Amino acid sequence: MSISRRQFIKAGGAALTMGVLPYGTLRIARAASQPRTREISLVAAPGKMSLDGRESFSAWLYNGQPGGPEIRITEGEVLRVKLTNELPKPTTIHWHGVPVPNAMDGVPGVTQKAVAPGASFIYEFKAQPAGSYIYHSHQGLQLDQGLAGSLIIEPRSDPNPPDREYTLLLEDWAATDGGGPNASRRRPPMGGMMGLGMMGRGMRGRGMMGRRGMRGSGPPLEPIYDGYTVGGRAYPGIKPLMVKKGDRVRLRLCNASAITVYDLMLAGHKLTITHADANPVNPIETEVLRIAPGERYDVEFIANNPGRWLLMANESGYGESGLKVPVLYEGVRPGEAAPPVFRRGLRFVRYWDLVRPEPKPLEKGKGQGRFYRQVLSGGMHSSFWTINGYVYPQAEVLAAPLGERVRLSYLNRSPMPHPMHLHGHFFRVANPNLPQELWISKDTVIVEHMERVDIEFVADNPGRWIHHCHNLYHMEAGMANLVEVKA
Ligand SMILES: [Cu+2]
């Protein structure tokens, strides 16, 4: 979780090698311009996980490490990852947010055949653009068994480096053998007139419904989680983030949780958002940061209030989540840390407040452009979730001719928020309050209950790409379709 590269190399078993050079007369000339290749080995295998010293349970992990080894690479380098599958089931790795070539995207049945037990697969792509990303299995519910980690692409040179930097990979865990897919407690589907506002904490204890939908069939319901971790560790068994008075501290927040949307606050300090899903935004202060599965935010704070403080999250709509990280000033005795106070009227930045730092006109795009309405439904009396009424894989294929501009217009008619994620592309989040050239770029966007959100992108990465809700259980229950980019 800290940035020490030496630690990472130890943990991840990373090796640094020069790129394989082409033979022939151009050898020397090429060598100078050949990007460096970084080789990393990831072994997916069953392992042991424990939530802060509580009983251990079996989870599926990369290199035996809860929270995965952090991969750090410099922008422009080539990342070559050998995935070895020592699981009893097929698996893949998806490089969430990175616009990789289609064949490297790691979606079984869409971009590759899943890697069989005992087999291996080499992923290779250029690491760009710089920013905070996540890697995770895209097979079934494996993400919720622990198969996730952080991928940090560092800029070639950082014009404004912080004094300290920490990566915080957020995960939700069901402490049963097999993780989330085998959780014994589940959230019931909503029925009748019950809306989000009525889902109080009292509901949570009553989720003893069996694993699946009302009639014992259909996709699995969302688990009720037993614990939350940062970098694979749960509070209080988590090392404090050390800061020194006067430091400017950067936190790379990467939400690799299966379903949990966190509202994060740091006691005693305000967070300044600098990047959303790897893309820079005009720095903006917020008291609460909402981060959904699949989203990443880089935030900074100035360490100007010595003491012991908690960075803590409420689960959006449900109250305290249990996700806590202590922040400790050098020279201050360790001890109980002060929690933030979630009161009414907190400043709460939303997408509409985020502005691109440098104006950039929308890419032109060929042709007339495409417009697709995407109505998000489900969750009422049913464990299925749909886009335009379809349950993936019986779903629409959205044609996106190469080079054409595409607008997806989401309308969320369901009672839950949906973090919608498009593979292979960044998109602009349409913002009626701003001129288009100031719209921010992202790859995952929360569409709240009864909200309309539009996104736009130029279809410039050829192939069939999955487009889905990043609530893993919503995706598994049908909330996905395909965007097909072809000439
Ligand atoms: Cu969803």
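View 1. Skip the neighbours within four places in sequence, and Leu-251 is in contact (heavy atoms within 4.5 Å) with Tyr-166, Leu-168, Leu-241, Tyr-297, Asp-298, Val-299, Phe-301 and Leu-311. Keep in mind that this is a predicted model, where local features need pLDDT of at least 70 and side-chain atom pairs count only at pLDDT 80 or more, while totals for chains, interfaces and linings use all residues. Residues are numbered from 1 along each chain as its sequence is written, and side-chain values use heavy atoms, with hydrogens and water left out.

**View 2. Two nonpolar cores.** A nonpolar core is a set of buried Ala, Val, Leu, Ile, Met, Phe, Trp, Tyr and Cys residues joined through side-chain atoms within 4.5 Å. Buried means under 20% relative accessible area, exposed means over 50%, and partly exposed is in between (1.4 Å probe, protein chains only). Which residues touch the most other members of the largest core? Among its 83 residues, they are Leu-168, Leu-251, Leu-264, Ile-273, Tyr-297, Phe-301 and Leu-354. Another core, of 28 residues, lies apart from it, and Ile-73, Leu-87, Tyr-135 and Phe-426 are among its members.

View 3. Strands here are DSSP runs (E, at least two residues), numbered from the N terminus, and two of them pair if DSSP finds at least two bridges between them. Strands of a sheet pair through backbone hydrogen bonds, either parallel or antiparallel. Reading across this sheet, you get β12-β20-β19-β14-β17, with mixed pairing. β12 (241–243) and β17 (289–291) are at the edges with a single partner strand each, so one side of each has no neighbour in the sheet. Zoom in on β14 (residues 262–266) and β19 (residues 308–315), which pair in the antiparallel sense over five bridges. There, Leu-266 has Leu-311 of β19 as its bridge partner.

**View 4. Another five-stranded open sheet, from β23 to β28.** The order this time is β23-β31-β30-β25-β28, and the pairing is again mixed. At the edges are β23 (397–401) and β28 (444–447), each pairing on one side only. Inside the sheet, β25 (residues 418–422) and β30 (residues 463–469) pair in the antiparallel sense over three bridges. Met-420 has Cys-469 of β30 as its bridge partner.

**View 5. Rings meeting rings.** Rings of Phe, Tyr and Trp (its six-membered ring) pair if their centres lie within 6.5 Å; planes under 30 degrees apart count as stacked, over 60 as edge-to-face and the rest as tilted. Searching the whole structure turns up eight aromatic pairs. How are the rings of Trp-95 and Tyr-123 arranged? Their centres are 5.7 Å apart and their planes are at 70°, so this pair is edge-to-face. Trp-95 sits in strand β6 (residues 94–96) and Tyr-123 in strand β7 (residues 120–126), so the pair ties together parts 28 residues apart in sequence. Trp-95 is buried, at 0% relative accessibility, and Tyr-123 is buried too, at 0%. Ring pairs also link Trp-95 and Tyr-123 into a cluster with Tyr-62, Phe-121, Phe-125 and Tyr-135.

**View 6. Tyr-351 and Trp-352.** This aromatic pair is edge-to-face as well, at 6.2 Å centre to centre with 90° between the planes.

How values were computed:
Helices (H or I, at least four residues) and strands (E, at least two) are DSSP runs, numbered from the N terminus.
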